[in-house]
Amino acid sequence: MKIVEQENKVRCDVAGCKNLAEYSIVGEGGNKSQYINVCKDCLQEIHRECSKIFVPKSPTNIFNKPIYKGGFR
Ligand SMILES: [Zn+2]
């Protein structure tokens, strides 16, 4: 799946949104009629909603004290 810029004047597919779509979510092997067209606002909204579902893992803590093996300091 990828997100491409929508160059045609098509409506955003999100219910209740009247904006023109600026991006399309494209599945592998899908044709244009199967694109999910979204405007920038809705894409940001989707991103925000996704982040509620997929909580990003905290990066490994690089500030952990290094463990000295063999007592060599
Ligand atoms: Zn929209």
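Guide: A nonpolar core is a set of buried Ala, Val, Leu, Ile, Met, Phe, Trp, Tyr and Cys residues joined through C-beta atoms within 7 Å. The structure discussed here is a predicted model.

Visitor: Which residues make up the largest nonpolar core?

Guide: In soluble globular proteins, nonpolar side chains tend to be buried together. In this chain, buried residues account for 11% of the 73 residues. The largest nonpolar core has five residues in all, namely Cys 12, Ala 21, Val 38, Cys 39 and Cys 42.

Visitor: What pattern does the chain follow along the sequence?

Guide: The chain contains one helix and three strands. Taken in sequence order, these elements give the pattern β-β-β-α.

Visitor: What is the order of the strands in the open sheet?

Guide: Strand S1 (2-5) and strand S3 (36-38) are the edge strands, each pairing on one side only. The twist from one strand to the next averages 30°. With antiparallel pairing, the three strands of the open sheet have the order S1-S2-S3.

Visitor: Over how many bridges do S1 and strand S2 pair?

Guide: Strands of a sheet pair through backbone hydrogen bonds, either parallel or antiparallel. Within this pair, Lys 2 stands opposite Val 26 in S2. S1 and strand S2 (residues 23-26) pair in the antiparallel sense, and the number of bridges is four.

Visitor: Which residue in S3 is the bridge partner of Tyr 23?

Guide: S2 and S3 pair in the antiparallel sense over three bridges. Not counting residues up to four places away in sequence, the contacts of Val 38 include Tyr 23, Ile 25, Leu 43 and Ile 46. In S3, the bridge partner of Tyr 23 is Val 38.

Visitor: What distance separates the C-alpha atoms of Ile 36 and Ile 25?

Guide: Ile 36 is placed in strand S3. Leaving aside residues up to four places away in sequence, Ile 36 touches Asp 13, Ser 24 and Ile 25. Ile 36 and Ile 25 are eleven residues apart along the chain, and their C-alpha atoms are separated by 5.0 Å.

Visitor: Why does Ile 36 count as partly exposed?

Guide: A residue is buried if 20 or more other C-beta atoms lie within 10 Å of its own, and exposed if 12 or fewer do. Ile 36 counts as partly exposed because its C-beta neighbours inside 10 Å number 18.

Visitor: What is the distance between the end C-alpha atoms of helix H1?

Guide: Helix H1 (residues 40-53) has 14 residues, which at 1.5 Å a residue should span 20 Å. The model agrees with this expectation, for the end C-alpha atoms of H1 are apart by 20 Å.

Visitor: How many residues of H1 are buried?

Guide: H1 has 14 residues and lies largely in the open.

Visitor: Which residues does Leu 20 touch, not counting residues up to four places away in sequence?

Guide: Leu 20 lies in the loop between S1 and S2. With 14 C-beta neighbours inside 10 Å, Leu 20 counts as partly exposed. The C-alpha atoms of Leu 20 and Asn 8, twelve residues apart along the chain, are separated by 9.0 Å. Beyond residues up to four places away in sequence, Leu 20 touches Lys 9, Val 10, Arg 11, Cys 12 and Cys 39.

How values were computed:
Residues are numbered from 1 along each chain as its sequence is written. This is a predicted model: local features need pLDDT of at least 70, side-chain atom pairs count only at pLDDT 80 or more; totals for chains, interfaces and linings use all residues. Two strands pair if DSSP finds at least two bridges between them. Helices (H or I, at least four residues) and strands (E, at least two) are DSSP runs, numbered from the N terminus. Axes are lines fitted to C-alpha atoms, for helices over the stretch in contact, and angles run from 0 to 180 degrees between N-to-C directions. Two residues are in contact if their C-beta atoms, placed from the backbone, lie within 7 Å. The expected span of a helix is 1.5 Å times one less than its number of residues.
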